[in-house]
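Me: Hi! Could you walk me through the pockets and a bit of the helix packing in this one?

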Amino acid sequence: MTKPIAPLLAIDDLHVTFRRRQSKEVRAVDGVSLSVGRGETIGIVGESGCGKSVTSLAVLGLLGDRGVEVSGAVRFEDEELLSLPEGRREHIRGRQIAMIFQDPMSSLNPVLTVGRQITEVLERHFDTPPRVARREAMTLLERVGISDSERRVDDYPHQLSGGMRQRAMIAMALACQPKLLIADEP
């Protein structure tokens, strides 16, 4: 008998509550459970404010700990993400799980070129030499439909159109060839 294949990501009974000093708590996520298999694409659909983005941020451990309570289980491959130390989470984030954020203008660093933001990911996770990382950044920009990548790699986010900024975010998310890609309002 063959062992069943475990999902790449399994979320079980995820709850996220925001606590504020002067007002009552806000339950942003209330008991979400889902799984994503290798090679599988799923979509989470819901009205604005229903917790789609908060669910994604909780998976990646990007909600912080001040005034936020996260419970349940989030399992990626063989690791329980919610209980991991931050250093281990940082290793997984970007390299194995990447996220394309909803608003590229507030997600991209305005004082770094788009190319630098892409090369930083490669240098940090793979110790890629800067010259090689720059070539890979240009290739990624071309892959996502940004032509003249040799010039655009040195552009700052404000020099790109909204669509180009979104594609630059996609290039950054794809840089490490993650096993799981989370797209917030793709």
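This is a predicted model: local features need pLDDT of at least 70, side-chain atom pairs count only at pLDDT 80 or more; totals for chains, interfaces and linings use all residues.

Me: Which element gives the largest share of its lining?

Reply: That would be α1, with five residues. Among the elements that each supply at least two lining residues are also β1 (9–18), β2 (26–36) and β6 (180–183). By class, the lining splits into 14 nonpolar, seven polar and six charged residues.

Me: Nice. What about the second largest pocket, which residues are nearest its centre?

Reply: There you find R93, G94, F101, V121 and M172, among 20 lining residues. The volume of the second largest pocket is about 580 Å³, and α4 contributes the most to its lining, with five residues. The lining has eleven nonpolar, five polar and four charged residues.

Me: Switching to helices: at what angle do α4 and α5 pack?

Reply: Helix α4 (residues 114–126) and helix α5 (residues 130–143) pack at about 120°, and their axes are 9 Å apart. The two are therefore oblique to each other, and the crossing is right-handed.

Me: Which residues of α4 and α5 meet there?

Reply: From α4, V114, G115, I118, T119, L122 and E123 meet P130, A133, R134, E136, A137, L140 and L141 of α5. That contact has eight nonpolar, two polar and three charged residues.

Notes: Residues are numbered from 1 along each chain as its sequence is written. Side-chain values use heavy atoms; hydrogens and water are left out. Axes are lines fitted to C-alpha atoms, for helices over the stretch in contact, and angles run from 0 to 180 degrees between N-to-C directions. Helices (H or I, at least four residues) and strands (E, at least two) are DSSP runs, numbered from the N terminus. Angles under 35 degrees count as roughly parallel, over 145 as roughly antiparallel, 65 to 115 as roughly perpendicular and the rest as oblique. A crossing is left-handed if the near helix is turned anticlockwise from the far one by less than a right angle, and right-handed if clockwise. Contact means heavy atoms within 4.5 Å. Ala, Val, Leu, Ile, Met, Phe, Trp, Tyr, Cys and Pro count as nonpolar, Asp, Glu, Lys and Arg as charged, and the others, Gly among them, as polar. On a 1 Å grid over the protein atoms alone, a cavity is a set of points where a 1.4 Å probe fits but cannot get out, and a pocket is an open set with protein on both sides within 12 Å along at least five of seven lines; lining residues have an atom within 4 Å of a point. Grid points are joined across faces, edges and corners, and a volume is the space filled by probe spheres set on the points.
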